[in-house]
Amino acid sequence: GQLFCDGPAEQIVKLLLEECAAAGVTILTGTRVTEIVLDTGTYWLRVEAEGQRRELRARALVVATGGLSIPKMGATGFGYEVAQQFGVPVRECRPGLAPLVLSEGDRAQWCDLTGVSAEVAAGVGKRRFREKLLLTHRGLSGPAVLQVSSYWREGEAVMVDWAPERELLAPLRKLGARRDAAAGKAALREVLPARLAERLVAVTDPRNWTNAGLEALERRLHAWSFVPAGTEGFAKAEVTAGGVDTDALSAQTMECRAVPGLYFVGEVVDVTGWLGGFNFQWAWASAAAAGRAV
């Protein structure tokens, strides 16, 4: 379900620029909007570029400024400021699809395994994602964790199943099998990266390796709890969760219900998709809806 460029991503930029040129679109770069005024159905934009000021006017204004994610690429809260100027409600913004930072104690226990990854099932509340988890120098990342981060709230536990639908300690239950830490590590290494397997046993080494002890350890390995200290913030978030309230917009055109001629599209709106191109799709689909309307 994914499509990739045959060459560099500049192909997409070239395609869009050619379509803009064919439609007579004027593109102003390096231009800052200093003021927006709505006067009897006309939007006046005062802009500044290289010290020069000018005014633009239009019957419709489409705000496609993105969210707060990755400020080094130019992300700002300008779109939210425009919404607030015209009384359009904005839901609280927070980092989405972002790595999670562990507490100081958990970092000391886990972050020396930086670079180790495993396919897990990670979840928060009722949301569960079965994808790769990656241990980093500050906490947890990888697709499973990024997905979970969009639903995580401060103080909540993230549950990790280190081996979904697999019984990790089955070899130790066999008749006459050795039951100790070394055997536990060997069993986990059959499924998990060696360093991760050894750490999990070292952290959870039961007082005894009886049937009850094995059952308790198996349960914990399928429901491991982390309580993150936070996320890596907007600097590393792939999207911004929150934004312009969808209840204030027409689902067909993206126009503000209370402000004729004012449209919001893309990430500036409170719509957050999963990994896999859904946020790009939302940006394009919402822009197409607004474009057809204006």
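The model is predicted. The sheet is open and has 7 strands. Helices α2 and α6 each have a set of buried residues.

**Helix α2**
- Helix α2 spans residues 78–85, and its buried residues are G79, Y80, V82 and A83.
- These residues lie on the same side of α2, because they cover an arc of only 155° around the axis.
- The cover over them includes the strands β1 (32–39), β4 (61–63) and β5 (90–96). It also includes β13 (239–244) and β14 (262–264).
- G87 follows α2 and has a positive phi, near 75°.

**Helix α6**
- At the start of α6, D180 reaches in with a side-chain oxygen. That oxygen comes to within 3.2 Å of the backbone nitrogen of A182.
- Helix α6 runs over residues 181–189, with A183, G184, A187 and L188 buried.
- Among the elements covering them are α5 (170–173), α7 (194–204) and α8 (211–221).

**The sheet**
- Strands of a sheet pair through backbone hydrogen bonds, either parallel or antiparallel.
- Here the pairing is antiparallel, and the strand order is β11-β10-β7-β8-β9-β6-β12.
- The edges are β11 (224–226) and β12 (230–231). Each has a single partner strand, so one side of each is left without a neighbour in the sheet.
- Strands β7 (residues 117–124) and β8 (residues 127–135) run antiparallel and are joined by 8 bridges.
- A121 has R130 in β8 as its bridge partner.

Notes. Residues numbered from 1 in each chain as written. Predicted model: local features only at pLDDT ≥ 70, side-chain atom pairs only at ≥ 80, totals over all residues. Heavy atoms only, no water. Buried < 20%, exposed > 50% of the residue type's maximum accessible area, 1.4 Å probe, protein only. Helix = DSSP H or I, 4+ residues; strand = E, 2+ residues; numbered from the N terminus. Contact = heavy atoms within 4.5 Å. Polar contact = N/O pair within 3.5 Å; in protein donor to acceptor, adjacent residues only side chain to side chain. Pairing = 2+ DSSP bridges. Arc of directions from axis to C-beta.
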